[in-house]
Amino acid sequence: MADWQKGVAQAVASKASSQPMNATGKGDDSWIHIQKKTFTNWVNTQLAEVGAKIESLEEDLKSGVNLIQTLEVCSKKSLGRYTKLPKIPTHALENLTLALKFLEKEGLKLVNIGSQDIHAGNLKLILGLIWTIIYHYQVSKSFKDAAASGAKKGTAKDLLLEWVRATIPEYNIKNFNTDWNDGRALCALVNAVGKEPWLMPNHNQLLPGAGARNCKAGIDAAYDNFGIPRLIAPEDMADPAVDDLSMVTYISYFRDAKRGGGKGDGDDGAAAAAAA
């Protein structure tokens, strides 16, 4: 198997270094807030299958139980025996170690993160870990020949962008942040993936200034018709500081989406809302 990762710490450092500077000359950390919400929603999408839910990545992964259950759902494999109700830190750390060793066996190279970091609630390292998991089990599953997320080119992120550009060429999408802010590209993607009868044929007539409204219409239509979970809030997608890893996570669901898999099973209500 390919060397999937250059390490969680490196991924987080790369992400942080790419953020724009604010007026004070310091890095803008608004991406952390958006990413935390999106990644929490993704974890809860997995945990819903076992009737569990978390509120905080820093607090609710400490016991190792929710992390193990998340991995069992997304990998479709059992991690074996573990302490389901850890009462002392040692049991929690054993659970976390089990989860990290499982990821290493799965071919994910984890550097500079250990069970102690998760138990201590180190948010940036936890976000890096969750991204590693998302990339491996969610984003790259449609691109079997994708390179590691730390590679310079040929990653699943690159291939996903190519697929988006081929699917909605009229929007000339070049990134996973600002090009999605006005919501029209998302509505176009819903329309293209849904095929006839068209779900959102008026996407190019939507007002660019109504970004949050357009994003909500697209997110709702994707949920109703394809069952794509509402991982990212409309106001976050419309924010120029939207986190690109959050967007990659969300858009990756469209690659294999099928019409009729959503809660509304073809209900055009969300599309109609966009036209209103």
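In helix α5, the residues Ala92, Leu93, Asn95, Leu96, Ala99, Leu100, Phe102 and Leu103 are buried (under 20% relative accessible area with a 1.4 Å probe, protein chains only). The model is predicted, with local features requiring pLDDT of at least 70, side-chain atom pairs pLDDT 80 or more, and totals for chains, interfaces and linings using all residues. Residues are numbered from 1 along each chain as its sequence is written, and side-chain values use heavy atoms, without hydrogens and water.

The buried residues of α5 pack against α4 (65-75), α6 (115-119) and α7 (123-139). Helix α5 covers residues 89-105; at 1.5 Å a residue its 17 residues should span 24 Å, and the end C-alpha atoms agree, lying 24 Å apart. That expectation is 1.5 Å times one less than the number of residues. Gly107 follows α5 and has a positive phi, near 100 degrees.

Two of the packing partners also meet. The axes of α4 and α7 come within 10 Å and cross at roughly 15 degrees. Helix α4 is therefore roughly parallel to α7 (angles under 35 degrees). Axes here are lines fitted to C-alpha atoms over the stretch in contact, with angles from 0 to 180 degrees between N-to-C directions. Leu67, Leu71, Cys74 and Ser75 of α4 contact Leu129, Ile133 and Tyr137 of α7 (heavy atoms within 4.5 Å).

The chain holds 13 helices and zero strands, taken as DSSP runs (H or I, at least four residues; E, at least two) numbered from the N terminus. Of its 276 residues, 50% are buried. Among contacts with a separation of 6 or more, 61% join residues 24 or more positions apart.

How values were computed
Parallel < 35°, antiparallel > 145°, perpendicular 65-115°, else oblique.
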